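Dear colleague,

Please find below the structure that I am handing over to you. My findings follow directly after it.

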Amino acid sequence: MLDDFFLRALIGCVGMALAAGPLGCIIVWQRLAYFGDTIAHSALLGVAIAFIFNINMTLTVFTITLILSFTLVFLQKQPSLSGDSLLGVLSHSSLSIGLVILSFLPWVRQDLVVYLFGDVLAVSKYDIFFIWAGGTLILLLLIKLWRPLIASTVSADLAKAEELHPQSTKVIFMLLLAMIIAITMKIVGILLVTALLILPAATARRLSISSTPERMAVLAALTGTISAFGGLYFSAWANTPSGPSVVLFAFVLFIISLIPLNRLATAKRKN
């Protein structure tokens, strides 16, 4: 019989994986990994502001990450600013500002590791509701935006020609990215949330059966779910941090996906 806290952790992780997998596919296709990392790092600033004003943390993190997303899009339009440099500056600056603010709040220091690396075993019923409600909303919006997002991935000009409004789609996609970071921060933490977006999608991309974007999105969600189960059970067995263990299991699946299947088949025939 599973303990209640472990069961809540499993339910929360599955809800996160189902939403993060398809969203991660868009990040992988559009090469937005560093962008997602920058947005995730800004979440710590949201945590600091939530503590200062004693307001809802999830809503504050969502607001701050969304503001930074729009700021990035605006600044990237400036020809004098390099995109990679801008991402690097904002990523580490927002993380550092959040850490400095939290250093003035001594009662938070003990829990700082939780926000950086997550504590999925402390997920409450309220957190589960937030994760599944937010994840369902993300998936519904992603389904509605799927065609414009795919067209924008292939060519922004093509999306414009087909009147799919790529700019509006990009804005809503940033909203979804901010939302997934806000609802999953407690599970894997600020520093690892991007990894859980990218790794299942990258693993699904390697599989030969992911021949269409839709199949890859489903496989990414499935891979994330397997990572959640495997990582949590490994964490319980080896007494390791739960959030990093889930990411580690996702990484192991990615390494396995790199093994060429034709070599495995050849080896079996030889034996």
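Two residues are said to be in contact when heavy atoms of theirs lie within 4.5 Å. The model is a predicted one, and what follows should be read accordingly.

Leaving aside residues up to four places away in sequence, T38 touches L68, L72, L87, L90, S91 and S94. T38 has a relative accessible area of 0% and is therefore buried, the limit for that class being under 20%.

Turning to the chain as a whole, the secondary structure consists of 13 helices and 0 strands. The order along the sequence is accordingly α-α-α-α-α-α-α-α-α-α-α-α-α. The chain has a radius of gyration of 19 Å, close to the 18 Å that the globule rule gives for 271 residues, so the chain is as compact as a globular protein of that length. Along the principal axes, the C-alpha atoms occupy a box of roughly 65 × 55 × 30 Å.

Of the 271 residues in the chain, 47% are buried. When contacts between residues at least 6 apart in sequence are considered, 76% of them join residues at least 24 apart. The accessible surface amounts to about 13900 Å², and carbon and sulfur atoms account for 68% of that area. As to charge, the chain carries 17 positive and 11 negative side chains, with 10 Å between the centres of the two sets.

The aromatic residues also deserve a note. The structure contains 4 aromatic pairs. One of them is formed by F6 and Y233, an edge-to-face arrangement with 5.2 Å centre to centre and 70 degrees between the planes. Because F6 belongs to helix α1 (residues 4-29) and Y233 to helix α11 (residues 213-238), this pair ties together parts that are 227 residues apart in sequence. F6 is buried, at a relative accessible area of 8%, whereas Y233 is partly exposed, at 40% relative accessibility.

Another pair is that of F234 and W237. Their ring centres are 6.0 Å apart and their planes meet at 50 degrees, so the pair is tilted. Both F234 and W237 lie in helix α11, 3 residues apart, which is about one turn of the helix. F234 counts as partly exposed, at 32% relative accessibility, while W237 is exposed, with a relative accessible area of 70%.

Yours sincerely

Methods. Residues numbered from 1 in each chain as written. Predicted model: local features only at pLDDT ≥ 70, side-chain atom pairs only at ≥ 80, totals over all residues. Heavy atoms only, no water. Helix = DSSP H or I, 4+ residues; strand = E, 2+ residues; numbered from the N terminus. Rg over C-alpha atoms; globule rule 2.2 N^0.38 Å. Buried < 20%, exposed > 50% of the residue type's maximum accessible area, 1.4 Å probe, protein only. Areas by Shrake-Rupley, 256 points an atom, 1.4 Å probe, with all protein chains shown as cover. Lys, Arg positive; Asp, Glu negative; His and termini not counted. Charge placed at Lys NZ, Arg CZ, Asp CG, Glu CD. Phe/Tyr/Trp six-rings, centres within 6.5 Å; stacked < 30°, edge-to-face > 60°.
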